[in-house]
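Morning, everyone. Please bring the model up on your screens.

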Protein chains: 4
Amino acid sequence: MPLSEYRYQRRVQFADTDLAGVVHFSWIVKYMEEAEHALWRGAGLTISPADGVVSYPRVALSVDFKAPLHFEEEFEVHVRIASMSRRAITYAHTIRRGETVIATGTMTAACVRKVPPPMKSTEIPPEVLDRLQPYREP
Amino acid sequence: MPLSEYRYQRRVQFADTDLAGVVHFSWIVKYMEEAEHALWRGAGLTISPADGVVSYPRVALSVDFKAPLHFEEEFEVHVRIASMSRRAITYAHTIRRGETVIATGTMTAACVRKVPPPMKSTEIPPEVLDRLQPYREP
Amino acid sequence: MPLSEYRYQRRVQFADTDLAGVVHFSWIVKYMEEAEHALWRGAGLTISPADGVVSYPRVALSVDFKAPLHFEEEFEVHVRIASMSRRAITYAHTIRRGETVIATGTMTAACVRKVPPPMKSTEIPPEVLDRLQPYREP
Amino acid sequence: MPLSEYRYQRRVQFADTDLAGVVHFSWIVKYMEEAEHALWRGAGLTISPADGVVSYPRVALSVDFKAPLHFEEEFEVHVRIASMSRRAITYAHTIRRGETVIATGTMTAACVRKVPPPMKSTEIPPEVLDRLQPYREP
């Protein structure tokens with residue numbers, strides 16, 4: 001695995017499918033988020049620290065759905081950091097089942113301070129920026 | 001509507017279904033919870049007050065699934081309070097599509113204090129008990 | 001309501017929220033789909049006819065998340081058809097809680113023939129195109 | 001691992017949590033189903049064969065929730081077959097995080113013929129009964 005991306009492995013669960021017999025598109029975007037959080041764990045971080053002060057809500061999302069996924073299929077989400085500023089991170093994702101591209105997408109998360117309400121944009125802690133650096137695309 | 005139950009109306013959404021072409025059973029239990037929260041609103045309450053101190057996690061659940069529900073079908077959840085103590089409430093639910101019973105079940109929620117962690121059993125506020133009284137089965 | 005859009009009303013359910021205390025972003029995209037299907041019903045159609053031959057999977061999705069939604073809040077999804085070809089429909093959505101814009105997005109669904117597998121692009125039935133016409137933006 | 005149970009490992013995902021900061025109870029029942037399907041795979045089976053003729057809907061469910069689960073925690077679902085007849089299988093589940101029991105439950109699935117509609121109870125194929133036998137509790 002090149003240092004500049006994280007590969008997350010997953011199997012389709014029954015409850016991820018819909019009456020069309022394929023994975024519901026809302027699950028594709030959840031798989032993207034699961035991969036992001038796995039990348040953070042890979043970097044020695046958690047996206048939801050116990051102090052509960054800072055949070056990383058999504059501010060933008062864009063996905064192209066290329067092929068259907070089915071029950072019990074195994075797939076990979078390749079995720080890398082496409083860009084990173086002091087207050088936001090944009091990830092680029094490719095979901096693959098073997099050689100088949102299932103979906104490609106980007107997702108931007110911003111850093112917010114939750115406490116006290118309301119949520120307010122804040123700076124990403126420097127240690128987080130440092131640890132995520134290896135997953136940034138060259 | 002008799003005072004001793006609440007009737008919650010709902011339509012099946014596409015994402016509630018699975019590859020078998022029917023509503024996934026995890027949605028049946030979510031419909032039961034949605035009806036409980038609607039009963040609370042009917043009683044002039046919210047199950048999640050803004051102060052965030054008290055919470056009502058489920059401690060027991062039992063369901064019999066009788067017939068399938070399909071996309072876009074309209075149904076009702078009839079919910080009443082089967083029993084109520086100082087620390088817990090047991091609801092009894094019947095989910096119907098017209099004359100057809102889709103599922104019957106019971107669900108028990110306990111009152112807990114969330115703050116400071118960890119969660120600890122606590123007494124249901126007297127005002128809540130009073131307001132829920134009309135939905136108690138005779 | 002102008003003929004060129006459909007307004008779908010909804011309340012946030014408990015299970016739509018996440019540990020950050022707000023609606024999880026995957027629910028925002030599900031709300032967009034719920035509104036699309038309500039628009040079809042408004043047009044006298046169902047997006048999933050009983051014969052099960054044709055289906056409308058999503059091929060593209062783009063969302064900007066502007067403000068958080070919370071438990072029990074009521075909101076509206078305004079949806080209109082931004083463009084429509086023989087094989088695909090692009091919807092434009094705005095999710096509002098009162099005057100506050102929660103999210104804006106677009107979603108493209110293609111018409112596919114499911115039977116026999118695999119899914120294959122096909123033409124949208126002319127009657128469907130006719131009935132959706134009033135929701136097309138001017 | 002004793003032959004008479006299957007152990008399924010899982011991590012809590014962000015979208016599994018709710019505003020109370022813990023896993024939503026509907027996810028506990030989904031974890032139970034995920035473990036059942038993993039047990040079938042362990043037995044060399046799939047619960048949803050490609051021919052799509054037979055299906056295994058849930059007919060009963062009972063759960064006691066003992067302790068909360070949190071984001072990113074790893075847990076195990078221990079599942080075994082408590083009883084098995086010609087037409088139905090009852091599983092017994094224990095969900096554990098380390099030594100802590102999170103929930104215990106039972107779930108009964110029946111065998112139905114989906115095609116032609118409506119769903120009708122049918123006999124479980126003998127090969128399926130044979131392969132599941134090792135997971136039956138003594």
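Start with the largest nonpolar core, which has 152 residues. A nonpolar core here is a set of buried Ala, Val, Leu, Ile, Met, Phe, Trp, Tyr and Cys residues joined through C-beta atoms within 7 Å. Buried means that 20 or more other C-beta atoms lie within 10 Å of the residue's own, with C-beta atoms placed from the backbone. Which members touch the most others? They are I28(A), I28(B), I28(C) and I28(D).

Take I28(D). Leaving out residues up to four places away in sequence, I28(D) touches V23(D), V63(D), F65(D), I95(D) and A103(D). Touching means C-beta atoms, placed from the backbone, within 7 Å.

A quick word on the model. It is predicted: local features need pLDDT of at least 70, side-chain atom pairs count only at pLDDT 80 or more, and totals for chains, interfaces and linings use all residues. Residues are numbered from 1 along each chain as its sequence is written, while chains are lettered from A and ligands numbered from 1 in the order in which they are written.

Now chains A and D. Each gives 11 residues to the contact. On the chain A side, three are nonpolar, four polar and four charged. Nonpolar covers Ala, Val, Leu, Ile, Met, Phe, Trp, Tyr, Cys and Pro; charged covers Asp, Glu, Lys and Arg; the others, Gly among them, are polar.

How are the copies related?

Note on methods:
Two residues are in contact if their C-beta atoms, placed from the backbone, lie within 7 Å. A residue is buried if 20 or more other C-beta atoms lie within 10 Å of its own, exposed if 12 or fewer, and partly exposed in between; C-beta atoms are placed from the backbone.
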